[in-house]
Amino acid sequence: MMGDDMTTKAMQRFVNDPDDIVDETVAGFVKAHRDLVRKDPANPRVVLSRFAPQDGKVGIVTGGGSGHEPAFIGYAGRNLVDAVAVGELFSSPTAKSFADAIRAADGGAGVAVLYGNYAGDNMNVRMAAGMVAEDGIEVATVVANDDVCSAPAAERAKRRGVAGEIFMWKIGSAKAALGGTLAEVQAAAQQAIDACRSVGVGLGPCTLPAVGHPNFQIAPGTMEVGIGHHGEPGMRVEALKTADKVADDMVRIVLDDHALPDGTEVAVLVSGLGATPVNELYVLYDRIEVGLERAGLRVHRAFVGNYFTSLEMVGATLTVMALDDDLKRLLDVDCAAPGLTVAGTQIAPVGAMSGGPRRRTAAADDDTAPRAPEATGDPRLSVAQSGDIVAELAAVIVANKAHLSEVDGLIGDGDHGINMAKGFGRAAERLSGQSLDGAFLVLSDVLMSEIGGSMGPLYGFMFRDMGRTIRDRGAIDADGFLMMLNAGLAAVTATGSAKVGDKTLIDCLDPAIAAFDAARPEGFAAALQAMAQAAQQGRDSTVDMVARLGRAARLGERSRGVPDAGATSCCLILTTLADSVGRRLSQP
């Protein structure tokens, strides 16, 4: 039942190896619900509906981090989602998993990808759409942004997607099942999420198994109003109230943002966050319906239970979707999935089941990275004999796994160290006699195809273009090393669109490269030392910054006072790189 690790024992959890919990979750889930779902034979991180794909029907795809069960895998089924990309705990699926899910769901009429508004998901879905474009698959997207407390109404595009995603999946899937075109499915899903408002209240934190302790705190006798599904802080912390007063507060927050006219019919979803007894959810719903009726609204359908959780967090979310005739009709369409069953309007399938997903092979993306020149000056670094530099980078990241997750947990979801250590550790296991360029490319492939989140593609593209820049070179000098660094910086900037001052890894990477460039006249070794020093200063500079990108950006001033996790890991990478390269420089 439990491993030998003392931290895991202290958590009192049903865990074997924390690193395997996602794969073991998917394995058990597919076995338990084999009548509705199956695992994609081409990718174990993709769960498919037994009813998909259907020829001539628009495919429906979603995906997200694990730990929210039954979301996301629980919504694959009949007249619901066709394919789900599975990410690590609280972390976006990889672009490859999203792309494989799209291919598996494709019935020839295009695929709608309906997902939440998180940096990693936005990045990886965008990449996946590009990957399947060469397969001739048309992709349309809808991004859920129903969390009222995560941004003001005037900036709704910045809001998180939370349990309103369930209504978005239900409506979009029903439209597809009724034979809607890709544009019509996209419009229906967009209408659904536009009609949703959600709020969460947290009473207790959750713990990522690989971390072993909560990555945020809610003091006894208090509650976090507006909390996110990963523990992101809400609008305020206040004394715990009675259930009725909490329900009244949730209704008021949602309706103040919604401004619905009297007589509007609504669908209501009350979801536990993982550790809230279901009877308490019904206590909340009893008062919630009273509040909605007092506001002149009529409840058409109510869903109460654990629909979108957050490991063992104590708390609940409320989602209200305003209905018109079209949304009401689509909500009532019959569906069956492990996480949601609606006994409603029966419909005939659009087309015959095809018996399995179509598979196409996409061409490799173009290699546009510049090429570093062969070394002409001394000292120089042998590319062919320096592949173990990447093993040293991996060792440092793995050794700092807990520290990186702790830093991330202060204003994020606490998984940065877990995912970084897993990716770098897996890459290290696959390095055998590699040159430096080859080792960088191995690391890139693991990060982009197996890790996900936002750091997967950011670091993945960085190391990919660094490796491509020095590919097939015997040795590089300071000029070639600078070209390699700049290629990595350009890849990160193009992938994430961050700038200096946004409180990201760019605040470490950009000044470190500039310092290397400025110190080059003093020699390769001196430039490496300058890079390391500037990386540390860049990391430290993020403490006083307010985050402008990613999950932490929604915290505003509350993101000030702690370092950025990406800048912290980037500093570890650059300082280790400086030391490792410096020890291998040939002497003139």
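In this predicted model, Arg236 and Glu238 form a salt bridge (a side-chain nitrogen of Lys or Arg within 4 Å of a carboxyl oxygen of Asp or Glu), and their closest N and O atoms are 2.5 Å apart. Arg236 is partly exposed because its relative accessibility is 25%, whereas Glu238 is buried, with a relative accessible area of 16%. These classes follow set limits: buried means under 20% relative accessible area, exposed over 50%, and partly exposed in between, with a 1.4 Å probe and protein chains only. Residues are numbered from 1 along each chain as its sequence is written. Local features need pLDDT of at least 70, side-chain atom pairs count only at pLDDT 80 or more, totals for chains, interfaces and linings use all residues, and side-chain values use heavy atoms, with hydrogens and water left out.

The count of salt bridges comes to 38. One of them pairs Arg197 with Asp257, with 2.6 Å between the closest N and O atoms. Arg197 belongs to strand β7 (residues 196-204) and Asp257 to helix α7 (residues 243-258), so this pair ties together parts that are 60 residues apart in sequence. Helices (H or I, at least four residues) and strands (E, at least two) are DSSP runs, numbered from the N terminus. Arg197 counts as buried, at 11% relative accessibility.

A further salt bridge links Arg560 to Glu557, where the closest N and O atoms are 2.9 Å apart. Arg560 is partly exposed at 39% relative accessibility, while Glu557 is exposed at 53%. Elsewhere, salt bridges with shared partners join Arg236, Glu238, Lys241, Asp249 and Arg252 into one network.

Lys31, Arg34, Lys39 and Arg50 form a positive surface patch. Patches consist of residues with over 30% relative accessible area and no salt bridge, like charges being joined within 9 Å and nonpolar side chains (Val, Leu, Ile, Met, Phe, Trp, Tyr) within 5 Å. Lys and Arg count as positive, and the place of a charge is taken as NZ of Lys or CZ of Arg. Accessible areas come from the Shrake-Rupley method with a 1.4 Å probe. Within this patch, Arg50 lies in the loop between β2 (46-49) and β3 (59-66) and is partly exposed, at 36% relative accessibility.

Thr495 is located in helix α15 (residues 478-496) and is buried, with a relative accessible area of 10%. Apart from neighbours within four places in sequence, Thr495 is in contact (heavy atoms within 4.5 Å) with Met123, Arg126, Pro457, Leu458 and Phe461.
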